[in-house]
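Here is a briefing on one protein chain. Have the sequence and the 3D view open as you read.

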Amino acid sequence: MSFLQLNDLAKHFGDFTAVDGLSLSVEKGEFLSLLGPSGCGKTTTLQMVAGFVEPSRGRIVCDGKDITQLRPEKRGMGVVFQSYALFPHMTVADNLGFGLEMRGVPRAERKRRVGETLDLVRLTGLGDRYPKALSGGQRQRVALARALAIRPEVLLLDEPMSNLDAKLREEMHIELRAIQRQLGITTILVTHDQVEAMTMSDRVAVMYGGRIVQLDTPFEAYERPQSAFASTFLGRTNTVPGTVVKANGRCCEVDLAGVRMNVPHLGKSYDGKVDIYLRPERIRVVEPGSGIAGQVANRVFLGNHWMLEVDSVLGRLRVSQPNGGTVPPAEGTAVGLTWADDDVRLLHTEAPHGR
(Lines give C-alpha, C1' and ligand atoms only; values in the text may rest on other atoms or scores of the structure.)
Protein backbone atom coordinates (compact mmCIF):
# COMPACT_ATOMS: atom_id res chain seq x y z
CA MET A 1 0.00 0.00 0.00
CA SER A 2 1.32 3.44 -0.93
CA PHE A 3 2.31 5.83 1.84
CA LEU A 4 0.13 8.72 0.60
CA GLN A 5 -3.00 8.18 -1.44
CA LEU A 6 -5.37 10.66 -3.05
CA ASN A 7 -8.59 8.92 -4.04
CA ASP A 8 -10.99 10.59 -6.51
CA LEU A 9 -10.10 14.01 -5.13
CA ALA A 10 -12.13 16.95 -6.44
CA LYS A 11 -12.56 20.63 -5.61
CA HIS A 12 -15.25 22.95 -6.93
CA PHE A 13 -15.34 26.71 -6.43
CA GLY A 14 -18.91 27.51 -7.45
CA ASP A 15 -19.22 26.53 -11.11
CA PHE A 16 -15.45 26.24 -11.54
CA THR A 17 -13.81 22.83 -11.12
CA ALA A 18 -10.23 23.27 -9.96
CA VAL A 19 -9.48 19.57 -9.41
CA ASP A 20 -11.52 16.92 -11.20
CA GLY A 21 -11.47 13.39 -9.77
CA LEU A 22 -7.73 13.13 -9.20
CA SER A 23 -6.28 9.85 -7.90
CA LEU A 24 -2.62 9.48 -7.05
CA SER A 25 -0.39 7.18 -5.00
CA VAL A 26 2.95 8.36 -3.60
CA GLU A 27 5.49 5.93 -2.16
CA LYS A 28 7.31 6.52 1.12
CA GLY A 29 10.48 8.53 0.47
CA GLU A 30 9.44 9.44 -3.08
CA PHE A 31 9.94 12.91 -4.58
CA LEU A 32 6.97 13.66 -6.81
CA SER A 33 6.25 16.88 -8.71
CA LEU A 34 2.87 18.24 -9.74
CA LEU A 35 3.75 20.06 -12.95
CA GLY A 36 1.52 22.23 -15.08
CA PRO A 37 0.55 25.76 -16.13
CA SER A 38 -1.33 28.25 -13.98
CA GLY A 39 -4.90 27.14 -13.31
CA CYS A 40 -4.28 23.42 -13.84
CA GLY A 41 -5.17 22.52 -10.24
CA LYS A 42 -1.73 21.66 -8.88
CA THR A 43 -1.69 24.20 -6.02
CA THR A 44 -5.27 23.38 -5.03
CA THR A 45 -4.29 19.71 -4.88
CA LEU A 46 -1.35 20.52 -2.61
CA GLN A 47 -3.54 22.70 -0.38
CA MET A 48 -6.04 19.86 0.01
CA VAL A 49 -3.22 17.50 1.03
CA ALA A 50 -1.97 20.12 3.53
CA GLY A 51 -5.48 20.65 4.91
CA PHE A 52 -5.81 24.31 3.92
CA VAL A 53 -8.60 23.59 1.43
CA GLU A 54 -11.47 21.16 2.06
CA PRO A 55 -12.12 18.70 -0.79
CA SER A 56 -15.52 18.71 -2.44
CA ARG A 57 -15.14 14.96 -2.93
CA GLY A 58 -12.63 12.20 -2.31
CA ARG A 59 -10.29 10.94 0.38
CA ILE A 60 -6.70 11.57 1.47
CA VAL A 61 -4.97 8.68 3.21
CA CYS A 62 -1.50 8.96 4.77
CA ASP A 63 0.29 5.94 6.23
CA GLY A 64 -2.99 4.01 6.30
CA LYS A 65 -4.93 6.76 8.13
CA ASP A 66 -7.72 8.82 6.58
CA ILE A 67 -6.69 12.45 7.14
CA THR A 68 -9.29 14.09 4.88
CA GLN A 69 -11.02 15.86 7.77
CA LEU A 70 -7.98 16.46 9.99
CA ARG A 71 -6.87 20.00 10.76
CA PRO A 72 -3.57 21.04 9.10
CA GLU A 73 -1.55 20.97 12.34
CA LYS A 74 -2.69 17.40 13.01
CA ARG A 75 -1.44 16.02 9.69
CA GLY A 76 2.28 15.98 10.47
CA MET A 77 3.20 17.76 7.24
CA GLY A 78 5.79 20.44 6.61
CA VAL A 79 4.94 23.15 4.09
CA VAL A 80 7.27 25.58 2.29
CA PHE A 81 5.44 28.44 0.60
CA GLN A 82 6.40 30.50 -2.44
CA SER A 83 6.73 33.62 -0.26
CA TYR A 84 8.62 31.68 2.49
CA ALA A 85 6.20 33.24 5.06
CA LEU A 86 8.93 33.84 7.65
CA PHE A 87 8.16 35.88 10.76
CA PRO A 88 10.18 39.09 10.24
CA HIS A 89 10.24 39.96 13.96
CA MET A 90 11.75 36.60 14.91
CA THR A 91 15.32 35.41 14.56
CA VAL A 92 16.13 32.45 12.34
CA ALA A 93 16.30 30.18 15.39
CA ASP A 94 12.96 31.44 16.68
CA ASN A 95 11.37 30.90 13.24
CA LEU A 96 12.56 27.30 13.32
CA GLY A 97 11.53 26.75 16.91
CA PHE A 98 8.03 28.22 16.59
CA GLY A 99 6.42 25.10 15.17
CA LEU A 100 8.15 22.94 17.74
CA GLU A 101 6.94 25.16 20.57
CA MET A 102 3.36 24.95 19.27
CA ARG A 103 3.70 21.16 19.40
CA GLY A 104 4.82 21.24 23.02
CA VAL A 105 8.43 20.19 22.40
CA PRO A 106 10.53 20.98 25.52
CA ARG A 107 12.99 23.89 25.33
CA ALA A 108 16.17 21.77 25.42
CA GLU A 109 14.88 19.49 22.67
CA ARG A 110 13.81 22.51 20.61
CA LYS A 111 17.29 23.99 20.84
CA ARG A 112 18.90 20.72 19.81
CA ARG A 113 16.59 20.24 16.83
CA VAL A 114 17.02 23.83 15.66
CA GLY A 115 20.79 23.43 15.72
CA GLU A 116 20.67 20.12 13.85
CA THR A 117 18.37 21.52 11.19
CA LEU A 118 20.46 24.66 10.68
CA ASP A 119 23.48 22.40 10.15
CA LEU A 120 21.49 20.32 7.66
CA VAL A 121 20.67 23.33 5.45
CA ARG A 122 24.14 24.88 5.83
CA LEU A 123 23.07 27.82 7.99
CA THR A 124 25.22 27.01 11.03
CA GLY A 125 25.89 30.13 13.10
CA LEU A 126 23.09 32.21 11.59
CA GLY A 127 20.42 31.42 14.18
CA ASP A 128 20.58 34.89 15.76
CA ARG A 129 20.00 36.77 12.50
CA TYR A 130 16.67 38.18 11.35
CA PRO A 131 15.22 37.31 7.91
CA LYS A 132 15.87 40.82 6.54
CA ALA A 133 19.62 40.27 7.08
CA LEU A 134 19.65 37.16 4.89
CA SER A 135 20.02 36.67 1.15
CA GLY A 136 17.19 35.19 -0.91
CA GLY A 137 18.87 31.80 -0.94
CA GLN A 138 19.38 31.87 2.82
CA ARG A 139 15.73 32.82 3.44
CA GLN A 140 14.72 29.91 1.23
CA ARG A 141 16.84 27.59 3.36
CA VAL A 142 15.30 28.96 6.56
CA ALA A 143 11.81 28.25 5.20
CA LEU A 144 12.88 24.72 4.32
CA ALA A 145 14.55 24.25 7.72
CA ARG A 146 11.43 25.43 9.53
CA ALA A 147 9.37 22.81 7.68
CA LEU A 148 11.95 20.08 8.40
CA ALA A 149 12.42 20.94 12.09
CA ILE A 150 9.04 19.44 13.01
CA ARG A 151 10.16 16.15 11.41
CA PRO A 152 7.18 15.91 9.09
CA GLU A 153 5.95 12.70 7.52
CA VAL A 154 5.40 14.56 4.25
CA LEU A 155 7.11 17.69 2.90
CA LEU A 156 4.97 19.92 0.67
CA LEU A 157 6.70 22.52 -1.51
CA ASP A 158 4.61 25.21 -3.22
CA GLU A 159 6.82 26.85 -5.92
CA PRO A 160 9.50 27.46 -3.25
CA MET A 161 12.22 28.63 -5.63
CA SER A 162 10.29 30.90 -7.97
CA ASN A 163 11.73 34.05 -6.32
CA LEU A 164 15.37 33.02 -6.79
CA ASP A 165 17.56 33.96 -9.73
CA ALA A 166 18.34 31.26 -12.30
CA LYS A 167 21.81 30.33 -11.05
CA LEU A 168 20.77 30.13 -7.40
CA ARG A 169 17.65 28.20 -8.34
CA GLU A 170 19.78 25.59 -10.11
CA GLU A 171 22.04 25.26 -7.06
CA MET A 172 19.03 24.88 -4.76
CA HIS A 173 17.58 22.12 -6.98
CA ILE A 174 20.67 20.03 -6.30
CA GLU A 175 20.86 20.95 -2.62
CA LEU A 176 17.19 20.31 -1.84
CA ARG A 177 17.23 16.98 -3.66
CA ALA A 178 20.31 15.92 -1.69
CA ILE A 179 18.61 16.83 1.62
CA GLN A 180 15.45 14.98 0.63
CA ARG A 181 17.41 11.84 -0.20
CA GLN A 182 19.44 12.09 2.99
CA LEU A 183 16.28 12.28 5.13
CA GLY A 184 14.21 9.90 2.99
CA ILE A 185 11.21 12.17 3.39
CA THR A 186 8.16 11.83 1.15
CA THR A 187 7.98 15.07 -0.84
CA ILE A 188 5.48 16.69 -3.20
CA LEU A 189 6.58 19.74 -5.20
CA VAL A 190 4.23 22.07 -7.04
CA THR A 191 5.89 23.84 -9.96
CA HIS A 192 5.33 25.20 -13.46
CA ASP A 193 9.07 24.93 -14.18
CA GLN A 194 9.75 21.86 -16.33
CA VAL A 195 13.49 21.89 -15.60
CA GLU A 196 12.84 22.04 -11.85
CA ALA A 197 10.46 19.08 -12.00
CA MET A 198 12.72 16.96 -14.17
CA THR A 199 15.86 17.79 -12.17
CA MET A 200 14.48 16.87 -8.75
CA SER A 201 11.73 14.29 -9.15
CA ASP A 202 11.45 10.52 -9.06
CA ARG A 203 8.14 10.93 -10.91
CA VAL A 204 6.32 13.83 -12.54
CA ALA A 205 2.54 14.22 -12.63
CA VAL A 206 1.76 16.48 -15.59
CA MET A 207 -1.54 18.26 -14.90
CA TYR A 208 -4.03 20.01 -17.14
CA GLY A 209 -7.65 20.98 -16.50
CA GLY A 210 -7.68 19.64 -12.95
CA ARG A 211 -6.49 16.19 -13.98
CA ILE A 212 -3.25 14.27 -14.33
CA VAL A 213 -2.63 13.72 -18.05
CA GLN A 214 0.62 11.80 -17.57
CA LEU A 215 2.37 10.25 -14.57
CA ASP A 216 5.87 9.02 -15.31
CA THR A 217 9.55 9.31 -14.56
CA PRO A 218 11.02 12.56 -15.92
CA PHE A 219 12.80 10.64 -18.69
CA GLU A 220 9.70 8.73 -19.81
CA ALA A 221 7.48 11.84 -19.66
CA TYR A 222 9.93 13.77 -21.84
CA GLU A 223 10.78 10.99 -24.28
CA ARG A 224 7.34 9.37 -24.58
CA PRO A 225 4.64 12.00 -24.05
CA GLN A 226 1.13 10.57 -24.06
CA SER A 227 -0.69 13.69 -25.21
CA ALA A 228 -0.13 16.80 -27.29
CA PHE A 229 -0.19 18.89 -24.12
CA ALA A 230 2.48 16.81 -22.38
CA SER A 231 4.66 16.91 -25.49
CA THR A 232 4.54 20.68 -25.85
CA PHE A 233 4.64 21.57 -22.15
CA LEU A 234 7.63 19.40 -21.29
CA GLY A 235 10.37 21.27 -23.10
CA ARG A 236 10.47 22.65 -26.63
CA THR A 237 9.17 20.61 -29.52
CA ASN A 238 8.39 21.00 -33.21
CA THR A 239 4.82 20.09 -34.18
CA VAL A 240 4.10 19.17 -37.80
CA PRO A 241 0.61 18.12 -39.02
CA GLY A 242 0.34 15.14 -41.30
CA THR A 243 -1.84 12.30 -42.57
CA VAL A 244 -1.30 8.59 -42.08
CA VAL A 245 -0.94 6.89 -45.47
CA LYS A 246 -0.50 3.34 -44.21
CA ALA A 247 0.63 1.50 -41.10
CA ASN A 248 2.50 -1.71 -40.50
CA GLY A 249 3.47 -3.60 -37.36
CA ARG A 250 5.88 -0.99 -36.06
CA CYS A 251 5.63 2.21 -38.09
CA CYS A 252 3.18 4.49 -39.79
CA GLU A 253 3.96 6.05 -43.13
CA VAL A 254 2.92 9.68 -42.73
CA ASP A 255 2.54 12.32 -45.42
CA LEU A 256 3.90 15.67 -44.23
CA ALA A 257 3.29 18.37 -46.85
CA GLY A 258 4.30 15.95 -49.59
CA VAL A 259 7.19 14.44 -47.65
CA ARG A 260 6.75 10.77 -46.72
CA MET A 261 8.17 9.73 -43.35
CA ASN A 262 8.20 6.48 -41.40
CA VAL A 263 7.24 7.16 -37.78
CA PRO A 264 7.21 4.52 -34.99
CA HIS A 265 3.75 4.26 -33.44
CA LEU A 266 4.72 2.55 -30.14
CA GLY A 267 2.02 -0.10 -30.51
CA LYS A 268 -0.92 2.31 -30.88
CA SER A 269 -3.31 2.46 -33.80
CA TYR A 270 -3.26 5.60 -35.95
CA ASP A 271 -5.10 6.73 -39.06
CA GLY A 272 -6.27 9.99 -40.58
CA LYS A 273 -4.98 13.30 -39.29
CA VAL A 274 -2.04 13.17 -36.91
CA ASP A 275 0.72 15.40 -35.56
CA ILE A 276 4.35 14.47 -35.34
CA TYR A 277 6.56 15.87 -32.58
CA LEU A 278 10.29 16.33 -32.93
CA ARG A 279 12.55 17.77 -30.23
CA PRO A 280 14.94 20.52 -31.45
CA GLU A 281 17.98 18.69 -30.06
CA ARG A 282 17.22 15.61 -32.18
CA ILE A 283 17.53 17.47 -35.49
CA ARG A 284 20.96 17.50 -37.13
CA VAL A 285 22.13 20.20 -39.53
CA VAL A 286 23.87 18.69 -42.58
CA GLU A 287 25.12 19.88 -45.95
CA PRO A 288 22.52 21.08 -48.48
CA GLY A 289 21.26 18.26 -50.67
CA SER A 290 20.94 15.83 -47.76
CA GLY A 291 17.77 15.30 -45.74
CA ILE A 292 15.06 17.98 -45.74
CA ALA A 293 16.08 21.18 -47.53
CA GLY A 294 15.97 24.33 -45.41
CA GLN A 295 17.29 27.82 -44.94
CA VAL A 296 18.43 29.32 -41.64
CA ALA A 297 16.02 32.12 -40.72
CA ASN A 298 17.28 32.96 -37.20
CA ARG A 299 20.30 32.04 -35.11
CA VAL A 300 20.53 32.73 -31.38
CA PHE A 301 23.48 32.01 -29.07
CA LEU A 302 22.44 30.74 -25.62
CA GLY A 303 25.80 29.95 -24.07
CA ASN A 304 25.88 26.17 -23.87
CA HIS A 305 23.95 25.77 -27.12
CA TRP A 306 22.70 27.53 -30.24
CA MET A 307 19.04 27.75 -31.23
CA LEU A 308 18.34 27.92 -34.96
CA GLU A 309 15.06 28.49 -36.73
CA VAL A 310 15.09 26.87 -40.15
CA ASP A 311 12.45 27.35 -42.84
CA SER A 312 11.63 24.11 -44.65
CA VAL A 313 8.86 22.39 -46.57
CA LEU A 314 7.62 21.19 -43.16
CA GLY A 315 7.38 24.76 -41.92
CA ARG A 316 9.72 26.62 -39.58
CA LEU A 317 11.61 24.15 -37.40
CA ARG A 318 13.59 24.88 -34.27
CA VAL A 319 16.98 23.21 -34.12
CA SER A 320 19.15 23.08 -30.99
CA GLN A 321 22.88 22.58 -31.43
CA PRO A 322 25.36 22.16 -28.54
CA ASN A 323 28.08 24.78 -28.38
CA GLY A 324 31.13 22.84 -29.45
CA GLY A 325 33.27 25.91 -29.98
CA THR A 326 32.28 26.51 -33.60
CA VAL A 327 29.67 28.82 -35.05
CA PRO A 328 26.71 27.19 -36.88
CA PRO A 329 25.55 28.30 -40.35
CA ALA A 330 24.64 31.98 -40.62
CA GLU A 331 21.16 33.34 -41.26
CA GLY A 332 20.23 32.93 -44.91
CA THR A 333 22.42 29.86 -45.38
CA ALA A 334 20.96 26.82 -47.15
CA VAL A 335 21.20 23.64 -45.07
CA GLY A 336 19.86 20.12 -44.88
CA LEU A 337 18.02 18.71 -41.85
CA THR A 338 17.98 15.09 -40.81
CA TRP A 339 16.97 12.94 -37.85
CA ALA A 340 16.41 9.31 -36.93
CA ASP A 341 12.95 7.73 -37.28
CA ASP A 342 13.00 6.79 -33.59
CA ASP A 343 13.40 10.47 -32.63
CA VAL A 344 9.89 11.29 -33.91
CA ARG A 345 6.74 10.94 -31.81
CA LEU A 346 3.29 10.46 -33.28
CA LEU A 347 -0.03 11.48 -31.72
CA HIS A 348 -3.58 12.01 -32.92
CA THR A 349 -4.37 15.61 -33.73
CA GLU A 350 -5.90 17.36 -30.71
CA ALA A 351 -7.62 20.67 -30.20
CA PRO A 352 -5.14 23.35 -29.06
CA HIS A 353 -4.63 23.64 -25.30
CA GLY A 354 -4.76 26.98 -23.58
CA ARG A 355 -1.83 28.05 -21.43
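Cys-40 sits in the loop between strand 3 (31-35) and helix 1. Helices (H or I, at least four residues) and strands (E, at least two) are DSSP runs, numbered from the N terminus. This is a predicted model: local features need pLDDT of at least 70, side-chain atom pairs count only at pLDDT 80 or more, and totals for chains, interfaces and linings use all residues. Residues are numbered from 1 along each chain as its sequence is written, and side-chain values use heavy atoms, with hydrogens and water left out.

**Cys-40**
- Cys-40 has 2% relative accessibility, so it counts as buried. Buried means under 20% relative accessible area, exposed over 50%, partly exposed in between (1.4 Å probe, protein chains only).
- Leaving aside residues up to four places away in sequence, Cys-40 touches Ala-18, Met-207, Tyr-208, Gly-209, Gly-210 and Arg-211. Contact means heavy atoms within 4.5 Å.
- Arg-211 is 171 residues from Cys-40 along the chain, yet their C-alpha atoms are separated by 7.6 Å.

- Four strands make up an open sheet, ordered 2-1-4-5, with antiparallel pairing. Strand 2 (16-26) and strand 5 (65-66) are at the edges; each has a single partner strand, so one side of each lacks a neighbour in the sheet.
- Two strands pair if DSSP finds at least two bridges between them.
- Strand 1 and strand 2 run antiparallel, joined by seven bridges. Gln-5 has Ser-25 in strand 2 as its bridge partner.
- These two strands form a hairpin with two residues between them, and Gly-14 in the turn has a positive phi of about 65°.
- Strand 4 (residues 57-62) and strand 5 also run antiparallel, with two bridges. Here Cys-62 stands opposite Lys-65.
- Helix 1 (residues 42-50) lies across strand 1 (4-13), strand 2 and strand 4, at about 115° to strand 1. Axes are lines fitted to C-alpha atoms, for helices over the stretch in contact, and angles run from 0 to 180 degrees between N-to-C directions.

- Strand 6 (residues 77-80) runs parallel to strand 7, with four bridges. Val-80 stands opposite Leu-157.
- Strand 8 (residues 186-191) is also parallel to strand 7, with five bridges. Leu-156 has Ile-188 as its bridge partner there.

**Helix 2 and helix 4**
- Which residues of helix 2 (residues 92-102) are buried? They are Val-92, Asn-95, Leu-96, Gly-97, Gly-99 and Leu-100.
- Their cover includes helix 3 (107-120) and helix 4 (136-149).
- Helix 2 and helix 4 pack at about 30°, with axes 8 Å apart. That makes helix 2 roughly parallel to helix 4. Angles under 35 degrees count as roughly parallel, over 145 as roughly antiparallel, 65 to 115 as roughly perpendicular and the rest as oblique.
- Val-92, Asn-95, Leu-96 and Leu-100 in helix 2 meet Val-142, Ala-145, Arg-146 and Ala-149 in helix 4.
- Just after helix 2, Gly-104 has a positive phi of about 75°.
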